[in-house]
Amino acid sequence: LNGEYSVITWDVFIPKNVRPKNRILWEGITDMFFDDNDEEYASIFEPCAPEFYQRAYDHYNGHLRNKIFAAWVAHYREKKRAAVEELARIEGARKYYREKLSTRILTLWTEWNAERVERKRAAFNKIQRIDELRLYRRGFAAWQRCAREAIKEKIWFKNLERHRDSVDFDGIPEEGTLSSGLDRVSQLPKEAALRIFSFVACSVDDLCRCARVCRSWKMLTQDSTLWSSLNLAPLKNHVYDKVLSNFIQKYRPSIVRINLRGCYMLTPKSLKQIGECKNIQDLNFSECPSADEDVIRSITSNCSNLLYLNLAYCEVTDAMLRTLTKGCPNLQYLSLAYCTTFTSQGLHYFTTSKGCRKLIYADLSGCDQVNPNQR
């Protein structure tokens, strides 16, 4: 080693006669440019200036720095992508947890609501059964009272017809009876007693007073033949909707005449109920401010037997006359005295409509607004 092989080079083991004259390989790429001691290199290449070394060094460092920066950017992006994916997984887990929690809460609420509805239904059914039972009991009690009253009335009428003594229902003799148990009018046949009361029937007030005398007179005054004529004009300051409604509901099949002159306390609601009296022939609405178009429509559409109609001092309009001419095929007498709110056009409807073809007399006293020459 101290001799020929003290320095080991790349061609030390190659015989000298076969060694290449020019060096072909170097241990490294840098040796080719920076190995100044290599004689063969020096024989081929000339030495470089120091600035070239500096430029090569700067290029190498810049390239290395760019690679490091690129690697750092790739690492940062990968780390950021992993963080974003982690946040997405966390958000997905939270969303899944919230959905599961909402589903569970909805399931529990649905079960609770169904149970609550079932309890309410059961309570409602129970209350309904109790209410129905209460109504049944009240109805049965009312039926029992009606049955007892019917039995008493039946016995009473039997005794009236047979002229027997009055029946003592409560163990106490009734007031207003004679020693025989009946007053003289009650002892008469029913037809004769009704004939006597027919002279009182012209006054509703007197007939109601007679009904308060005793039970037998009350039964007689409630006969429908006495209420064919209903004259409420003398009681105009005391006639309300309820009074008229009660009369109509009880005696509407028998009522033929109704006089409501000056009954200013009535409303159209009760007046329209007169249309239920199918057999009415004479109707007096004079000085009755509630007689409007709806009332006339109800009467004309239901009361085909109406013969006399008095609308004096009412606010009659052309529309009311037009409604009147659509019905009342048997109307013969019509009073529009001192009605100043209609025109000649309203009277023209009587000549063009199909109704009121049997009209014989029309009272237009005080209707100065009517022009006989106007068409």
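## Leucine 260 and its contacts

Skipping neighbours within four places in sequence, leucine 260 is in contact (heavy atoms within 4.5 Å) with Leu232, Leu244, Leu266, Leu271, Ile274, Asn284, Phe285, Ser286 and Cys288.

Leu260 also shows up in the largest nonpolar core, which has 53 residues: Leu260 and Phe285 touch the most other members. A nonpolar core here is a set of buried Ala, Val, Leu, Ile, Met, Phe, Trp, Tyr and Cys residues joined through side-chain atoms within 4.5 Å. The elements giving two or more residues to this core are helix 4 (190–198), helix 5, helix 6 (215–221), helix 7, helix 9 (293–302) and helix 10 (318–325). Helix 7 supplies the largest share, 4 residues.

## One face of helix 7

Which residues of helix 7 are buried? In this helix, residues 241–251, they are Leu244, Ser245, Phe247, Ile248 and Tyr251. Viewed down the axis of helix 7, the buried residues fall within an arc of 165°, so they line one face of the helix. That arc is taken from the directions from the helix axis to the C-beta atoms. Buried means under 20% relative accessible area, exposed means over 50%, and partly exposed is in between (1.4 Å probe, protein chains only).

And what do these buried residues pack against? Their partners are helix 5 (204–211), strand 1 (229–231) and helix 8 (268–271).

## Tyrosine 264 in a loop

Tyrosine 264 sits in the loop between strand 2 (257–259) and helix 8. Its relative accessible area is 47%, so tyrosine 264 is partly exposed. Leaving out residues up to four places away in sequence, tyrosine 264 touches Lys236, Asn237 and Pro289.

Take lysine 236: it is 28 residues from tyrosine 264 in sequence, yet the two are 7.1 Å apart in space, C-alpha to C-alpha. With asparagine 237, the side chain of tyrosine 264 makes a side-chain polar contact at 3.2 Å. A polar contact is a pair of N or O atoms within 3.5 Å; within protein, one must be able to donate a hydrogen and the other to accept it, and residues adjacent in sequence count only if both atoms are side-chain atoms.

## Ring pairs

The whole structure has 6 aromatic pairs. Rings of Phe, Tyr and Trp (its six-membered ring) pair if their centres lie within 6.5 Å; planes under 30 degrees apart count as stacked, over 60 as edge-to-face and the rest as tilted. Phenylalanine 140 and tryptophan 143 are stacked, at 5.8 Å centre to centre with 25° between the planes. Both lie in helix 3 (residues 50–161), 3 residues apart, about one turn of the helix. Phenylalanine 140 is partly exposed at 47% relative accessibility, while tryptophan 143 is exposed at 54%.

Tyrosine 313 and tyrosine 338 have ring centres 5.0 Å apart and planes at 10°, so this pair is stacked too. Tyrosine 313 is in the loop between strand 4 (308–310) and helix 10, and tyrosine 338 in the loop between strand 5 (333–335) and helix 11 (344–352), so the pair ties together parts that are 25 residues apart in sequence. Elsewhere, ring pairs link Phe69, Trp72 and Tyr76 into a cluster.

## The whole chain

The chain has 11 helices and 6 strands. Helices (H or I, at least four residues) and strands (E, at least two) are DSSP runs, numbered from the N terminus. Buried residues make up 27% of the 375 residues.

## How to read the values

Residues are numbered from 1 along each chain as its sequence is written, and side-chain values use heavy atoms, with hydrogens and water left out. As this is a predicted model, local features need pLDDT of at least 70 and side-chain atom pairs count only at pLDDT 80 or more, while totals for chains, interfaces and linings use all residues.
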